[in-house]
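Me: I've got a model open and want to go through some of its packing and pairing. Can you take me through it?

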Amino acid sequence: MNVRADAWVAVTDAPRAGFSLTTSVEAIYGASLRRQITSTLAAFGNPGVHLEIHDSGALPFVVEARMEAALCAFLCVPLPELPASRRRPDRHRLRRTRLYVPGNGPKQFANAGLYGPDGLILDLEDSVSPDAKWAARALVRRAFATLEWPGCERIIRINDGPEGLEDLAAIAPQGIEAVLVPKVEEPETILSIAALLDSLELETLLIPLLETPLGIQNAYAIAKSSPRIVALAIGLEDYATEIRAERSESGNETAFAHGQLVNAARAAQVSPLASVFPNIDDRDAVFRYARRMRGLGFDGIGCIHPRQVRAAHAALAPSMDELERARLIVEGYEAAIAEGRGAVSVEGRMVDVPVYERARHVLAQGEIR
Amino acid sequence: MINAVGREVPHHPFAGVGAKLVSGRQASPPIRSCEDYPGDGNKRVPDLMTALKNAGLRDGMVISTHHHLRNGDYLAAKLFAAADALGVRDLVWFPSAVFPCHAELIPYLERGVIHHIEGSLNGPVGDFASEGGMKGIAVLRSHGGRYRAMQDGDVRVDIAVIAAPTADPFGNMRGTTGPSACGGLGFAVADAQYADHVIAVTDNLVRFPCAPWQIQGNYIDQVVVVDRIGDPSKILSGTTELTRSPERLLVAEHAARFVAASGVLREGWSFQAGAGGISLAFTLFVRDLMRERGVRARFVRGGSTRYLVEMLETGLTDFILDGQTFDLDGIRSMRENANHIMTSPFNSYNYHGKGNLASLLDCAVLGATEVDLEFNANVVTHSDGRMLHGIGGWQDALFSRCTILAVPTFRNRVPIVRERLTTFCGPGTLVDVIATERGIAINPRRTDLLAAVAGSDLPLKSLEELKAEAEALCGGPPESLELSGPVIGHVTWVDGTLLDVVRQVTA
């Protein structure tokens with residue numbers, strides 16, 4: 001097996017139940033791996049099957065997920081229950097960068113938070129091939145159950161359609177703070193997802209991803225469809241083709257979509273988020289792209305490689321003037337509250353809670369990580 | 001006997017850095033007379049077999065080659081094929097390094113043409129030795145340690161065979177031109193000086209004089225011309241593209257931020273970083289920091305690559321002191337730029353000399369396979385005890401004034417910070433900083449560095465914290481590895497004492 005830090009598991013009916021294992025960490029974790037495999041088989045009621053496992057240094061949660069996926073598929077049973085971990089998501093947190101990590105590529109999971117993205121997306125949709133969807137669901141579920149990424153909003157991108165609802169039901173209880181919902185075209189899509197989250201009694205936030213002419217057209221209605229929605233994100237990979245435009249250097253063909261999405265999001269008082277940027281080697285290009293998106297009104301961009309995060313944060317940082325104004329508002333408001341004054345004005349302008357929150361947001365954006 | 005770092009070694013126990021007292025005189029090669037060499041200066045002989053016969057090749061001799069041609073080396077294979085044809089057995093091969101291409105020498109080890117290898121072992125040959133395939137015990141030395149061993153007389157090389165990308169019939173040679181150009185020939189300098197007999201093998205014979213020369217023909221006994229000494233596509237390293245691995249980039253960035261925040265990076269500084277992924281990324285990060293701050297280096301050392309050349313050509317450094325040349329830009333620069341200087345392990349690394357370049361360096365960025373909580377490190381074996389890397393210049397460069405080991409906290413579920421090293425290769429008293437993707441640990445001994453970065457925004461952590469974080473992900477502390485097989489290798493310190501042994505592993 002060429003892939004590192006992963007484990008390949010096959011289940012077969014065998015006259016002799018049990019398992020065979022090859023592992024690159026035999027010398028230092030061989031015994032512990034065997035204990036883990038034995039205990040997982042026991043948890044499945046020691047079914048009369050044979051597991052063949054080739055491990056290339058997968059972390060324990062990855063081995064667990066690979067075994068679960070293989071056993072459940074073979075035995076036709078659902079993924080085993082995991083204890084739920086509830087988190088209260090923060091509507092007002094920064095969303096300058098959301099880093100996409102392919103959901104079937106476990107090598108990247110453990111360190112993904114170290115690059116400082118505001119949000120970390122374990123992706124079950126476009127970056128996962130159709131034959132790996134099930135394995136990725138099991139893996140991403142275990143990843144959320146096991147890993148912490150301090151400072152990062154915990155996000156999944158589910159698949160579209162009924163598969164997405166299954167993704168959500170399996171994974172959302174593992175402390176997911178936000179769900180990126182792909183290819184949303186109608187408010188009804190959001191309503192069914194929100195209903196599922198209601199039934200799971202989760203406060204998870206939603207970020208609809210608008211990627212089609214119809215989705216862009218319905219942007220405002222979608223943004224207003226649920227109080228769980230905190231942002232609208234735009235995805236333009238196939239959009240130009242669908243409106244029968246040609247992709248150009250200037251990007252003029254996407255001007256309407258950008259403008260419509262920013263306007264709809266602002267009107268609905270949610271955050272507009274720009275598309276991912278494909279070039280990962282040219283950090284100046286990332287900076288220019290993020291600066292341009294900021295100029296159009298977007299609060300953040302999507303990143304497909306950790307190298308893009310720093311440049312994007314620098315591009316999205318507010319100017320010195322903006323920072324100074326925000327500092328005055330925050331200080332003025334907090335002083336007024338401390339003194340028990342009700343009405344607060346800074347530089348002749350009334351400051352209410354939303355204005356204060358926005359100013360805090362600007363200050364936070366000024367801290368380049 | 002147990003040495004000063006608690007490892008059992010058979011003889012010459014390591015007593016501590018600087019603890020060994022030296023006396024006596026250096027080794028001396030035999031006296032030769034020009035009367036015995038062709039008066040017209042033409043030392044050519046028809047082929048390698050003739051040259052080996054003339055040199056008196058016989059059973060048990062020590063034969064050396066060099067790794068300028070890296071993974072494209074054809075010479076070692078030609079050499080041992082000739083020795084085999086001559087019916088010679090039990091040779092000791094004393095290369096400056098072994099590469100994966102040398103897997104084709106394994107049959108000679110199996111059949112006893114080569115008794116054992118004294119040199120850095122890795123790749124298939126390392127596996128072969130680790131599994132107990134070699135008749136004798138491998139002796140691992142650093143580049144500087146190899147020079148010192150010849151100089152001090154620990155190793156007497158009977159016949160040195162030097163691959164010369166360009167040579168003249170008198171034996172003057174250089175590596176910067178010819179179809180197998182590789183850059184500098186510094187690793188062969190010791191052998192030219194100290195071996196009893198020296199053969200130059202070239203695929204690019206030029207008329208006398210081969211000028212400028214890197215090694216003078218006055219050291220050379222015979223010259224052999226062959227079709228090809230190496231494969232140019234493998235002589236040049238494929239590793240000089242910047243890594244896209246986010247972990248490696250983050251490790252390198254932390255190392256670079258450390259040198260910037262601590263003031264190690266300042267006007268007139270010097271550093272050494274190799275051509276591996278993390279080192280190369282470090283070089284690019286400090287290059288950018290130097291540009292931003294308008295700071296220049298006096299010299300940089302390396303494995304030189306196009307990135308160091310660009311720094312030289314854009315005035316970010318006054319000199320490249322080149323230990324090894326990895327790509328075409330490096331070769332061109334060495335050929336054309338008077339400030340791109342070939343060095344040898346004598347001036348770079350020799351511990352028994354009157355100073356060396358490594359200890360003048362302000363900073364060296366190195367790798368490691370394992371580090372313990374005392375900052376001691378392993379670079380030769382994997383955590384399963386297999387020989388994985390040569391020591392190279394690693395031990396020698398530990399003497400820089402700020403030595404940074406830039407490593408991830410774990411690789412494919414192998415934690416790097418360990419309770420006990422699988423093999424002890426370098427004392428922690430010489431290691432100042434461990435830079436990882438999860439944070440930077442400064443050796444508590446370096447109170448000056450700790451003070452220099454106090455109040456900075458660097459992610460400082462203790463080695464204990466880094467160990468705990470990696471183990472939390474990897475599933476607890478690694479199981480202890482009890483290797484009880486026979487000793488198959490000795491790990492030598494730069495002064496010639498033994499730091500540790502390497503034991504056989506099961507296949």
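**Strands, then helices**

Reply: This is a predicted model. Start in chain B: S5(B) and strand S24 (residues 487–492) pair in the parallel sense, over three bridges.

Me: Which residue stands opposite B:Ala138 in S24(B)?

Reply: B:Gly489 does.

Me: Switching to helices. At what angle do H10 and H11 of chain A pack?

Reply: About 40°. Helix H10 covers residues 283–296 and helix H11 covers residues 307–316. Their axes are 8 Å apart.

Me: What does that make H10(A) relative to H11(A)?

Reply: Oblique. Angles under 35 degrees would count as roughly parallel, and 65 to 115 as roughly perpendicular.

Me: Is the crossing left-handed or right-handed?

Reply: H10(A) passes H11(A) in a right-handed crossing.

Me: Which residues make the contact?

Reply: From H10(A): A:Arg283, A:Val286, A:Phe287, A:Ala290, A:Arg291 and A:Arg294. H11(A) brings A:Arg307, A:Gln308, A:Ala311, A:Ala312, A:Ala314, A:Ala315 and A:Leu316.

Me: And how many of each class are in that contact?

Reply: Eight nonpolar, one polar and four charged residues.

Notes:
Residues numbered from 1 in each chain as written. Chains lettered and ligands numbered in written order. Predicted model: local features only at pLDDT ≥ 70, side-chain atom pairs only at ≥ 80, totals over all residues. Axes fitted to C-alpha atoms, helices over the stretch in contact; angles between N-to-C directions. Helix = DSSP H or I, 4+ residues; strand = E, 2+ residues; numbered from the N terminus. Parallel < 35°, antiparallel > 145°, perpendicular 65-115°, else oblique. Left-handed = near helix turned anticlockwise from the far one by under 90°. Contact = placed C-beta atoms within 7 Å. Nonpolar A, V, L, I, M, F, W, Y, C, P; charged D, E, K, R; others polar. Pairing = 2+ DSSP bridges.
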